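Have a go at each task before you read its solution.

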Amino acid sequence: LPVLRERHLGGNHLLVDLMAESAATLATGAAWDSRALTATWRAQFRPDGSHAEGAPMYQALLVEDALTVAALAGPAWPLTRELERAVGWLKRMRQPDGSLPAYGDTEPKVLDRLPLVCRALASAQHGHTDPHWSAWTARAGSSYVTVRTGQLAWSEQPGHAHADGLSISY
């Protein structure tokens, strides 16, 4: 398969390209080398399971793609724990109505269009966020608040800062 990676942009663009390449390779039965995808995922996702760009929508879209590749790869999927943390992070970030906080480019209702993520969220352990990496969250009954506390932008995608540092969603 030809390699069509968006190296000029990096970030989530490169990761999406690697997942599409992996899905195509796996679907055609060709030999799959997961090293580039694994290394790029690990470079872009933080210890709390958040994506480095800080936009919950990008994370949800990446997780949808990763769940597709994981299903195609079966036991060869190398990122099981990392993907579980990413799903858990999304679960923790969801607001009481099921939407995501509108940080970065996030469309809060994006989860409505991501069936694999919704299925994973339904069975996921309740995740966590780390204020150092991504956000501070608090829940009490039906009340919820999240404050975007991670770095303003990832060096590979500085335009994604959107001046949303310390943004509050409730």
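Helices (H or I, at least four residues) and strands (E, at least two) are DSSP runs, numbered from the N terminus. This is a predicted model, in which local features need pLDDT of at least 70, side-chain atom pairs count only at pLDDT 80 or more, and totals for chains, interfaces and linings use all residues. Residues are numbered from 1 along each chain as its sequence is written, and side-chain values use heavy atoms, with hydrogens and water left out.

**Exercise 1. The chain as a whole**

Task: work out which pattern of helices and strands the protein chain follows along its sequence.

Solution. Start with the tally: the protein chain has five helices and three strands.

Now turn to burial, where buried means under 20% relative accessible area, exposed over 50%, and partly exposed in between (1.4 Å probe, protein chains only). Of the 170 residues in the protein chain, 49% are buried. Accessible areas come from the Shrake-Rupley method with a 1.4 Å probe; for residues, only the protein chains shown count as cover. The accessible surface of the chain is about 8400 Å², and carbon and sulfur atoms account for 57% of that surface.

Last, look at contacts, meaning heavy atoms within 4.5 Å. Take the contacts between residues at least 6 apart in sequence: 63% of them join residues at least 24 apart.

**Exercise 2. Helix 1 against helix 3**

Task: describe how helix 1 and helix 3 cross, and find which residues make the contact.

Solution. Two packed helices are described by the angle between their axes and the distance between the axes. Here axes are lines fitted to C-alpha atoms, for helices over the stretch in contact, and angles run from 0 to 180 degrees between N-to-C directions.

Step one is the geometry: the axes of helix 1 (residues 11-28) and helix 3 (residues 56-73) come within 9 Å and cross at roughly 20°. Step two is to classify the angle: under 35 degrees counts as roughly parallel, over 145 as roughly antiparallel, 65 to 115 as roughly perpendicular and the rest as oblique. Helix 1 and helix 3 are therefore roughly parallel to each other.

Step three is the residue list. Helix 1 contributes N12, L15, V16, M19, S22, A23 and L26, while helix 3 contributes Y58, L62, D65, A66, V69, L72 and A73. The contact residues are eleven nonpolar, two polar and one charged.

**Exercise 3. Two partners for helix 4**

Task: find at what angles helix 4 meets helix 3 and helix 5.

Solution. Begin with helix 3, which packs with helix 4 at an angle of about 140°, the axes being 10 Å apart. On the helix 3 side, the contact uses P56, Q59, A60, V63, A66, L67 and A70; on the helix 4 side, L83, A86, V87, W89, L90 and M93. Twelve of these residues are nonpolar, one is polar and none is charged.

Then take helix 5 (residues 115-123), whose axis comes within 9 Å of the axis of helix 4 and crosses it at roughly 80°. That makes helix 4 roughly perpendicular to helix 5. V87, L90 and K91 of helix 4 meet V117, A120, L121 and A122 of helix 5. This contact divides into six nonpolar residues, no polar and one charged.

**Exercise 4. Buried or exposed?**

Task: decide whether T25, R81 and H128 are buried, partly exposed or exposed.

Solution. T25 is found in helix 1 and is buried, at 10% relative accessibility. Its C-alpha atom is 9.8 Å from that of A73, 48 residues away along the chain.

R81 lies in helix 4 (residues 80-93) and counts as exposed, at 53% relative accessibility.

H128 sits in the loop between helix 5 and strand 1 (135-140). With a relative accessible area of 43%, H128 is partly exposed. Leaving aside neighbours within four places in sequence, H128 is in contact with D48, G88, W89 and R92.

**Exercise 5. What covers helix 2?**

Task: list the buried residues of helix 2 and find what covers them.

Solution. The buried residues of helix 2 (residues 35-44) are L37, T38, T40, W41 and Q44. Their cover includes helix 1, helix 3 and helix 4.

Conventions
Nonpolar A, V, L, I, M, F, W, Y, C, P; charged D, E, K, R; others polar.
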